[in-house]
There are 4 protein chains.
Amino acid sequence: MEKKERKPVYYSQYLQLDKILNAQEPESGKEGIRADDEMLFIIIHQAYELWFKQILHELNVIRAIFKQNNISNNSPDVYNSVHRLKRVCKILDVAVSQMSVLETMTPLDFLDFRDLLRPASGFQSIQFKMIEASLGLQYNKRHGQNYYLSQLTEQDVARVKQAEQEESLLVLINRWLERMPFIKDGSYWKEVRSDAPFWQQYRAAYESSLQDAEQVNLKTFDSLFLNEEAYPEGRSFSLDANKNALFIMLYRDHPLLHLPYELLSTLLEIDELLSLWRHRHIHMVQRTIGKRVGTGGSSGAEYLRNAADSHYVFKELAELTSFLLPRHMLPELPKDLIRDLSYTH
Amino acid sequence: MEKKERKPVYYSQYLQLDKILNAQEPESGKEGIRADDEMLFIIIHQAYELWFKQILHELNVIRAIFKQNNISNNSPDVYNSVHRLKRVCKILDVAVSQMSVLETMTPLDFLDFRDLLRPASGFQSIQFKMIEASLGLQYNKRHGQNYYLSQLTEQDVARVKQAEQEESLLVLINRWLERMPFIKDGSYWKEVRSDAPFWQQYRAAYESSLQDAEQVNLKTFDSLFLNEEAYPEGRSFSLDANKNALFIMLYRDHPLLHLPYELLSTLLEIDELLSLWRHRHIHMVQRTIGKRVGTGGSSGAEYLRNAADSHYVFKELAELTSFLLPRHMLPELPKDLIRDLSYTH
Amino acid sequence: MEKKERKPVYYSQYLQLDKILNAQEPESGKEGIRADDEMLFIIIHQAYELWFKQILHELNVIRAIFKQNNISNNSPDVYNSVHRLKRVCKILDVAVSQMSVLETMTPLDFLDFRDLLRPASGFQSIQFKMIEASLGLQYNKRHGQNYYLSQLTEQDVARVKQAEQEESLLVLINRWLERMPFIKDGSYWKEVRSDAPFWQQYRAAYESSLQDAEQVNLKTFDSLFLNEEAYPEGRSFSLDANKNALFIMLYRDHPLLHLPYELLSTLLEIDELLSLWRHRHIHMVQRTIGKRVGTGGSSGAEYLRNAADSHYVFKELAELTSFLLPRHMLPELPKDLIRDLSYTH
Amino acid sequence: MEKKERKPVYYSQYLQLDKILNAQEPESGKEGIRADDEMLFIIIHQAYELWFKQILHELNVIRAIFKQNNISNNSPDVYNSVHRLKRVCKILDVAVSQMSVLETMTPLDFLDFRDLLRPASGFQSIQFKMIEASLGLQYNKRHGQNYYLSQLTEQDVARVKQAEQEESLLVLINRWLERMPFIKDGSYWKEVRSDAPFWQQYRAAYESSLQDAEQVNLKTFDSLFLNEEAYPEGRSFSLDANKNALFIMLYRDHPLLHLPYELLSTLLEIDELLSLWRHRHIHMVQRTIGKRVGTGGSSGAEYLRNAADSHYVFKELAELTSFLLPRHMLPELPKDLIRDLSYTH
């Protein structure tokens, strides 16, 4: 068999440990200063960059899937995507908890070598910005664009901008939701047209669920789901995508919608984990660095806080939760639609 | 021996499991509605309340320690307090990660019984408010005082207010820092007086560390550490407390200051973990509930966000980090002071 | 609307906090001994019992599902079960990490009140034994049956035995796998008969994958999947169940098998988490208690170690991994079978 | 100022990301096989190796401290060591939870590229073996020495053996405990001599605490703490070290013993975390690989299980817990000894 003829693979060569384990050269060492914690500072950032590479790898595999014009329900494509997005969540879990290692570096220990690193900054992680861009964060929605430009080299700005030009997961998911790739021309599609009886029934049930003080929500409902002309500007998801996403959330108990529901949920979880990561990051920065008025450090902390608040990529999906109704109020689906959402057997 | 005469203790009686395990009566059951997730909703909140009770227990033990007029360096008091505060951190770690269990309740599953719970709200957890009060959050610094009053019963408002009237950990720590309880009348005390050579040396070193754009920090430094008259109003820590806290952070490598440093660090960690808990809480609320304009739920989420930003109790301690200098710039301490900060042997 | 007529629900009544928060009476208090850590000891065990109740609740919901004679593929039953099993995993995650709170109790602090608790023991948690029984641990496979009997009251032994008499998840899953509930009489069923071409092809591929030293595995393969007469005694899963479980693992990329695969994976995860919990438990016991020759404590630690090794409920499922082949070696499925494993659309 | 003249440091150069992010070359890519999960497999192992390097760095700093002939109580040496050991614990926490990322790789996905990696194996991680050796695991106590030799290159065996020849932390801690470095010739030393009244008092109290069935423990007590001639062979800690370690555990509430107690506790925690890591590792291996009789994989899993049980480095310290007495039974210390265990002030 072929495999017997392959050159044997050995752990340290396979992992290229000669590169990985020889890439730590503390600046303090070069200056003859003793700063035992600089090694930690280097290694934890390298570990982060490895994980960022892995996240980008997963996002690239997923985006390649959704770039297909048509995704057959019966291919493993969506299943595979959900699996990979959940892995991204696990990686982000590790990234968040890893912060607690860096928090063992006390401010005083950091001050031993901090000045030697200027003007380097975690902000300069291009891979992290490419993750944001791959998910769907656009340059014009980034917080602190000037700060941004001042910290990166031209070359790096170019790399990030190029990443922003490619179709992001946000764009691809919107398109996938719009064309309802999982059941293109079937009866389902008819049901989800705005003038279909289903939506009129749903609107009526939704209206009845609102208390007096909440009547204003009905108008929002109409503009987001039914009335194309009143659709607010500047949104990432189209009215059709909204409608289909809400439908998935409501009828996720039908087989065909299991995976689309998992997909949407997992996207929301990624947003939350990124937010959590930024939040922990802020704490870590404040704890080990503090803030002096007027230094770059200060705007760094400020940047993180604002990014944590405004860099939600799938925010519009998250907001759909407000328009759900309890199961007992849901319109019953027609039988043939139910069949179309089922397994053959 | 006595112990043989004690009535034998049995696990389920000792833990009063008849009470603990018979305290779950889902509202959905009373209404004849099937809502399998209501049990989870009840149990996780009960688990939280158990942990809150434990945190209050620890805080009470710690506050009793610091209420003593004098804490001998050689008593185990501070050691014990640090140990207990670190336990509080571990509990908060669990409280944060526990949120991921509640996040397995999907919005649709929550809607099955949500309406049956009105107007109950997690906001009504009196124990959580007592924890905040025990740490040092004052009523007038609480976010959303009106919302606050509208959600609680008069009796509960009274309980929280009473808790706020007792000496909080914040007040006690300030007093402990002020009187430098760990070395009351020794040479150290002389060194930390504002006109002592030490502080003038430190100020000079600090000034030399500032870049041009940062000179404004020197004024802040003076007002926080040296110039009683310029001391900003409304702060929790006094100028003396500030000064001693900074001294502890700088010279924590001396034996007598090990534990005080751990104490201050752990207080900051508690603030961070509470903030993290609120942050996760916000996510969970948004994910399972969403927000409708005009409902109480919406102000609940808003409340949490603002509380997460403004309810830092030991914020002023956290800010001291900005005034640290690297070890190589620290003024050398006089020999007799060093001896006073040491073990006998 | 009805809901307006309901009695308003208030947080503390809803959660019955009067019971929950008044169920802690330290023995040390009764004896006038100061032991500040006994509260922690009580509360953490109560928190565990709350979680055990929730796990039992989930297992009961799941078992009720699988007790149905027939589970339609198109009902949300399996989806719901997988969701609940994943929740059990999250709860067990919390249970494991919660151990770190108890580990903050040092041996010396435990000794302050340890003697007052005799002969209570965590081993006496009936709910934990009921969880094991509900999953499928049989009395005769329990480690340390004598120890077991000596520690529990007759009444408690009876409760556990009764739980063992009910159909466990293990029994139900075996039956579900056997009858291939998800596609009972279709072409699939024909394919998975032992004499079907599929299994002969798979056996040939499996044989070709074995190196010389591994040829003995082929015999095991035959006895577990093909040759009813050679089937080993005393196993929980039948030959048919094995075969179907392996098929699910191999062809999980087909829509109909997504959820069954998730189900099997999650059962394995539960076994692992329970093992992890026992492992952490052993550490905690050794760390806070130590072991003296001849005391009950010693057999307690021993018990845990053996239970950790032998109480795997779904062990036979875990072993199937050894009989998987890489995708490129898998026999191609007939087209009509593929269709039967698909969504309608 | 000097620092202005330094070459500016930029994030990606500082972290040598050109090396770190260009060290992933999947074997599947070379063979033209699609195996999207191989990237994860490479990256997670690289992340582990980075963390192993950091752990070795910390252990080297700590060993350098304990190699000093004399450690002054008033130097920050022990404080620093405890801090670094606690960091090692945090790193091991991350290492353990990181396993959950690898567990997202299903057996089928691993089989896509598994054969291409032969005979590489995680067992070949030289850094992990160096960690074990640095802590104190000796070659002759390693499980599976033959397996060991068969899997590593001669060069690697040589590296590990050299690491085993250096003074391990175990050896250094034993010596530090023996010479009671923290209070060499003071009254304390007199108290802990075997014939000192203290130990006779303690022995009497210990005896009185034993129940009838436990009397055999007294003999063990004598051989471990008092009777040099009956001291068991082959132990890592000497009788003097045992005695001092037990004294530290008992009187840790005195200032001078705070840090030594933390040190001993943290060493035990490292052992537990390594055991936990091996335990999770076993699960992961079994889940993704399974076991076939006769392959190297099978002995790999077996190896891990046995290593998990037998590679405890500080086992003898852990066992001391069994000889503790409750505080109320402890002999009172003489006043001058108490003073020697105190701060000057």
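These are my notebook entries on a predicted model, covering one chain, its contacts with other copies and a few local features.

**Ground rules**

I kept to the numbering of the model: residues count from 1 along each chain as its sequence is written, and chains are lettered from A and ligands numbered from 1 in the order in which they are written. Since the model is predicted, local features need pLDDT of at least 70 and side-chain atom pairs count only at pLDDT 80 or more, while totals for chains, interfaces and linings use all residues.

**Entry 1: chain A as a whole**

I began with the secondary structure and found 19 helices and zero strands in chain A. Here helices (H or I, at least four residues) and strands (E, at least two) are DSSP runs, numbered from the N terminus. I then looked up the extent of the C-alpha trace, which spans about 75 × 65 × 35 Å along its principal axes.

For burial I found that 44% of the 345 residues of chain A count as buried. A residue is buried if 20 or more other C-beta atoms lie within 10 Å of its own, exposed if 12 or fewer, and partly exposed in between, with C-beta atoms placed from the backbone.

Next came contacts, where two residues qualify if their C-beta atoms, placed from the backbone, lie within 7 Å. Among contacts in chain A between residues at least 6 apart in sequence, 76% join residues at least 24 apart.

**Entry 2: chain A against chain D**

I looked up this interface and found 50 residues from chain A and 50 residues from chain D. On the side of chain A, helices H2 (11–14), H3 (17–20), H5 (38–66) and H6 (77–102) each supply at least two residues. H5(A) gives the most, with 14 residues. By class, this side of chain A has 25 nonpolar, 13 polar and 12 charged residues. For the classes, Ala, Val, Leu, Ile, Met, Phe, Trp, Tyr, Cys and Pro count as nonpolar, Asp, Glu, Lys and Arg as charged, and the others, Gly among them, as polar.

I also checked the superposition: chain A can be laid on chain D with an RMSD of 0.0 Å by a turn of 180 degrees and a shift of 0.0 Å along the axis. The same surface serves both, as 100% of the contact residues of chain A recur in chain D.

**Entry 3: helix H5 of chain A and its partners**

H5(A) and H5(D) (residues 38–66) pack at an angle of about 175 degrees, with axes 10 Å apart. Axes are lines fitted to C-alpha atoms, for helices over the stretch in contact, and angles run from 0 to 180 degrees between N-to-C directions. The two helices are therefore roughly antiparallel; the cut-offs are under 35 degrees for roughly parallel, over 145 for roughly antiparallel, 65 to 115 for roughly perpendicular, and the rest oblique. Residues making this contact include Met39(A), Leu50(A) and Trp51(A), together with Met39(D), Leu50(D) and Trp51(D). The contact divides into 12 nonpolar, six polar and two charged residues.

Among the residues in contact are Phe52(A) and Leu56(A) of H5(A), and Phe128(A) and Ile131(A) of H8(A). I noted seven nonpolar, two polar and three charged residues in this contact.

**Entry 4: chain B against chain A**

This contact takes 28 residues from chain B and 28 residues from chain A. H16(B) gives the most to the side of chain B, with seven residues. That side divides into 11 nonpolar, nine polar and eight charged residues.

Chain B can be laid on chain A with an RMSD of 0.0 Å by a turn of 180 degrees and a shift of 0.0 Å along the axis. That is the relation of a two-fold axis.

**Entry 5: local features in chains B and C**

I found a cis peptide bond joining Arg118(B) and Pro119(B), with omega about -5 degrees. Pro119(B) sits in the loop between H7 and H8 (126–135) of chain B.

Phi of Gln16(B) is near 50 degrees, a positive value in a residue other than glycine. Gln16(B) is partly exposed, with 18 other C-beta atoms within 10 Å.

Last, I looked up Arg278(C), which lies in helix H15 (residues 255–288) of chain C. Leaving aside neighbours within four places in sequence, Arg278(C) is in contact with Leu304(C), Ala307(C) and Ala308(C).

Methods: Copies are superposed by least squares on the C-alpha atoms of residues with pLDDT of at least 70 in both.
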